[in-house]
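Please read the following briefing alongside the sequence and the coordinates.

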Amino acid sequence: MGKYTRKFNELSSTDRPLVGGKCASLGEMVQAGLPVPDGFAVTVDAYEDYRDASDLRQQLLRIVLGADAQNNSSLQQAHDEAVELILGRELPPAIEQEIRETYLQLSRETARRRGIGDADRIPVAVRSSATDEDGDAASFAGQQETYLWVVGEDDVIAKVRECWASLYTPQAIAYRSGMSAAEASDASKISVAVQLMAHADVAGVTFTVSPRTGDRSIIAINASWGLGQAVVSGEVTPDEYWLNKIGPTLTSTRIASKAHEYVPAPGGVGVELRDVEESRREVACLSEPEVMQLADIALRVEKHYGCPQDIEWALEHDADGTPKVMLLQSRPETNWKKRKEEKGRNTTKATSNLLGFVAAATKGSTK
């Protein structure tokens, strides 16, 4: 690996400034011996050098700082201009060559290991990994792009550029428009994860804390058929499995009607949303042994990080039917933390109002 790419097995949580939150977490899990699909990071340096190879950095700053954060039309226009610039500028040869070579090395090693042909076209996921996402203070998951079933070096290059462009959503531009030039530039640093696709029959999310109550003795698993995009995006109502960490022990199950699933597109590139057959819609997508396998791995992840986790996973089956869990991402669980903090602020405000009312009433009674 060179300046612009780093394999996951070379990374750890301390590499966040170089490869962003998602890639640093994937590397950390690999170092901990957890089941993670192989892959590599396109480093922050690649995007930084891309911006500095021309006047792109200055042009993007001009767009961001010139946008009106209160005007949706202005923000959309700024977004369109930024995306056109990023996708239209020539990529420096050194950056493009290294990304291509690293993808081809990953693809060929995977084909050799699996004993399959078409060694230069192994499907991967290309995921944004911003330096300010997946931390324990705030979760920025989903604010940049993820592309699934990306095949071939040309497609990988195209999707890396699209991940870079996803830094400039209207919401992100509004957030940065009030910053100084230096702050706005520093807030726009991004890495990209290129990761082998898991051939997921089932996918979902595991929380090692109750997302409803904040109870840390609970594991909650959401799961549905196909790729995890449908669960993460909220397009399907997933099955729910609730466990007590002691054991762990399965305490309750709710099976949903799962009408849709994301699967690889027929041509082998990209994904499509299709209807789930009637025979599978009302059927549990996980067996109890599979639920327990997910829970055991989730406890290992939480123990490694030392705090409750929000874990994305995929479950694929070997030819003999043996289930294999693959971890796609893990970050500190922040939704319950945010709700708890908001509740605390509301309680403080209510207490303050009550004390003010009591003080006023007391003052009035002494007149």
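The points below are grouped by topic, after a note on the model.

This is a predicted model, in which local features need pLDDT of at least 70 and side-chain atom pairs count only at pLDDT 80 or more, while totals for chains, interfaces and linings use all residues. Residues are numbered from 1 along each chain as its sequence is written, and side-chain values use heavy atoms, with hydrogens and water left out.

- Ser 129 lies in strand E3 (residues 124-130), where strands (E, at least two residues) and helices (H or I, at least four) are DSSP runs numbered from the N terminus.
- Ser 129 is buried, with a relative accessible area of 0%; buried means under 20% relative accessible area, exposed over 50%, and partly exposed in between, with a 1.4 Å probe and protein chains only.
- Leaving aside residues up to four places away in sequence, Ser 129 touches Val 19, Gly 20, Gly 21, Lys 22, Cys 23, Ile 190, Ser 191 and Val 192, contact being heavy atoms within 4.5 Å.
- The side chain of Ser 129 reaches the backbone nitrogen of Lys 22 at 3.1 Å, and a polar atom of that side chain lies 3.0 Å from the backbone nitrogen of Cys 23.

- Strand E12 (residues 309-317) is joined to E13 by nine bridges, and His 317 stands opposite Pro 323 in E13.

**Helix H4**

- The buried residues of helix H4 (residues 72-88) are Ser 74, Leu 75, Ala 78, His 79, Ala 82, Val 83, Leu 85 and Ile 86.
- Seen down the axis of H4, these buried residues fall within an arc of 165°, so they line one face of the helix; the arc is that of the directions from the helix axis to the C-beta atoms.
- On the other side of H4, Ser 73, Glu 84 and Gly 88 are exposed.
- The cover over the buried residues of H4 includes helices H2 (44-52), H3 (56-66), H6 (153-165) and H7 (170-176).

Methods:
Polar contact = N/O pair within 3.5 Å; in protein donor to acceptor, adjacent residues only side chain to side chain. Pairing = 2+ DSSP bridges. Expected span 1.5 Å × (residues − 1).
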